[in-house]
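Here's a quick briefing on how this chain is put together. Have a look at the model first, then go through the notes below.

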Amino acid sequence: MRKRKIVLAMLLVASMAVSAYAQGEKPSVKNEGTVSYEAQTIKSKPEIKDDFYTHMNYEFLTKTKIPEGENSYGNFDLLAKKTQDVISKSIKELNADYKNLKDGSIEKKIVDFYNMAVDFSKRDELGLKPIQANLDKIKNIKSVKGVSNYITANFNKGYGQLVDFIVDKDMKNTTKNAIYIMGSKVGIEKSYYSGKDNFSKKARKAYLNYTKKLLSILGYDKDLAAKRAKEIYNFEKKIVEASLEQGQQMNFDKTYNPVTFKQLGKLAGNFPMQKILKNNGVTDKDKVIVEQPKVLTTLNKLFVKKNVEVIKSLLEVDLLKKNINALSRDVMKAESEYNAVMDGVVYQDTDEESAYNLTDKVYTDGLSKLYVEKNFSPETKKKVLEMAEEVIANYKRRLGEVDWISNSTREKALKKLETMDLKIGYPDQWPDFSSTSVKTYAEGGNLVDAVESMNMRNTKETFDKLSKAPDKKTWSMPAHAVNAAYNPLSNDITFTAAILQAPFYSTDRSDVENLGGIGTVIGHEISHAFDITGAKFDENGNVKNWWTKEDLKKFKEKAKKAAEIYSALEVVKGHNVNGKISTGEIMADLGGMTVALDIAKQKNMDTKKLFESYAAVWRSVNTEEALISNLIDVHPPDKFRVNNIVNLTDEFYKVFNVKEGDGMYVKPEDRLKVW
Ligand SMILES: [Zn+2]
């Protein structure tokens, strides 16, 4: 299972990488699967001075096949698979001991859920039955009011959510929570609607066909399915066109728009935003921030009588899509056909893989609990904590010496480091799932009911946060996801239990290898506190300018240069990196590498090994489609995360004797230095 449109999923937590949930086995070369774009295009082994990344990873890049069904394969995928194997084993063990599982316990819920998910003969037999009652409700709608009522009543189950929302700290007063009404997740990536390149054309066609397929599964005849698919496409296109580009979403002057209920009602008009909030317990006393007012005004214009039938079809498709992995095989097949076009690989998950993926999606934190109980030692936590403290101490020293900022800016920056919180391994407290229910087939239940039960719990949990003070201990990602993050709203960094294993970190590896692995990752996350977005937040997580005018100007010039360096890099013919959306990640990678080198030099470590470890950590093979479709993600492709970071450090030239005229060479005055 792959994730798309990941960037919109979180408010602004800057995470490390997002290619979780993939397949793979040992760190060795894989022989079965898809031949990668790298294997097809790398003709011979380059020299370090011309292409460090490809030289170091030559064997891996040219020999490794992408495992069946995946569009890329690297260390994140390797660890995700390893983590999945551990958890799958735990589920099997719990199942073997079923009679001893306590009623209502998270373990029993996971096992019951998984067992229903893996029973495809039952799922096929049920067909669309689990969503039939809701489908009937949609069919009976006759007016705009009817559409609004349906959306209002089903919003907490995750249906008809044409706008995305989140409850998090108010970014101008982080002692309180606020609700953010964000953009919309409908349709496809904005640039694909107008893109003249082949990939955009392919994406448009595939998406249209996908909708058509879903409509025919829902019982539409061929002609009507084709007509409605086109209408839904155009309807969604209008919403997407009204949405902000990715790069503009962090422009808080534009997106921080607090509104009263009355104003909200006026903005959204026919779209029942206010009713939805009221229905979920939000009152006029709560702080509501509308990030993209234009999305709401567009919805208002679209929610008119002549569109009722289109909206009804859209809601049917939405209902099907939201449950696509909880229904029968033929429904899932429609999705994998669509993914095949976007990813460049044809594959359908095995029953076990599908069941695991769905359980992981629904009972995420439950699976994290199963994982860390067996796989995370207090020893690792202690060691990584020490390492993080060392990186922070070195960052402080660097900030103390950086010559392009004034002392007043420096003081504020240091304050952010001094108050930064560290989250390592897993949360102190697991979420409470006592309100969810999983009724087995034998008890008359089904998967869709169980998913809805979880969605209702999650929506309630989210809105309940409005009446509580922000909880500093909440985690923004599951402990079994291979990831790390910086959260500017709480000024903390997180490293999950799953990323704290080889090749990122291991007690079996040398200190310099660990420094090139998790050390640079720690430095990367800390750097997000001072990247183009993080720099807008103070030590308490409030959006507040703490820069002098002159320092900020210099900083923005550096950010511009980072974007320029990367925008010039071609990934696949005709497709360059989008430096503008990647600026924060480039700054974070550079900061991480710089501070890791500092530490290595102080401790007389072999910096060559540090570079080598860094190159190995980021190796990956990809399909051409994956390389193109990942350009909407804020993380640049792995090759450039290595080559175009190391060649900005002077140490690289010393260690590998790189000279003017070499492929990796950058003139000293052009080597961007931020922190
Ligand atoms: Zn990052």
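The chain splits into domain 1 (6–86 + 386–429 + 473–670) and domain 2 (128–326), with bounds that come from an automatic or database domain assignment. Their C-alpha centres sit 34 Å apart. Keep in mind that this is a predicted model: local features need pLDDT of at least 70, side-chain atom pairs count only at pLDDT 80 or more, and totals for chains, interfaces and linings use all residues. Residues are numbered from 1 along each chain as its sequence is written, and side-chain values use heavy atoms, with hydrogens and water left out.

**Where the domains meet**

- Domain 1 brings 21 residues to the contact and domain 2 brings 24, contact being heavy atoms within 4.5 Å.
- About 1900 Å² is buried between domain 1 and domain 2, and carbon and sulfur atoms give 65% of that; buried area here is the accessible area (1.4 Å probe) that two parts lose on being put together, summed over both.
- One salt bridge is counted between the two domains, where the term takes a side-chain nitrogen of Lys or Arg within 4 Å of a carboxyl oxygen of Asp or Glu.
- K202 forms a salt bridge with E625, and the closest N and O atoms are 3.3 Å apart.
- Helix α27 (residues 624–629) gives three residues, the largest share of the side of domain 1 that touches domain 2; helices (H or I, at least four residues) and strands (E, at least two) are DSSP runs, numbered from the N terminus.

**A four-stranded sheet**

- Four strands make an open sheet in the order β3-β4-β6-β5, with mixed pairing; two strands pair if DSSP finds at least two bridges between them.
- β3 (165–170) and β5 (258–259) stand at the edges with a single partner strand each, so one side of each has no neighbour in the sheet.
- β5 pairs with β6 (residues 288–290) in the antiparallel sense, over two bridges, and P258 stands opposite I289 in β6.

- For background, most residues other than glycine have a negative phi, and most peptide bonds are trans.
- A502 and P503 are joined by a cis peptide bond, with omega about 10°.
- P503 is in the loop between β9 (492–496) and α23 (511–527).
- N491 has a phi near 45°, a positive value in a residue other than glycine, and N491 is found in the loop between β8 (484–487) and β9.
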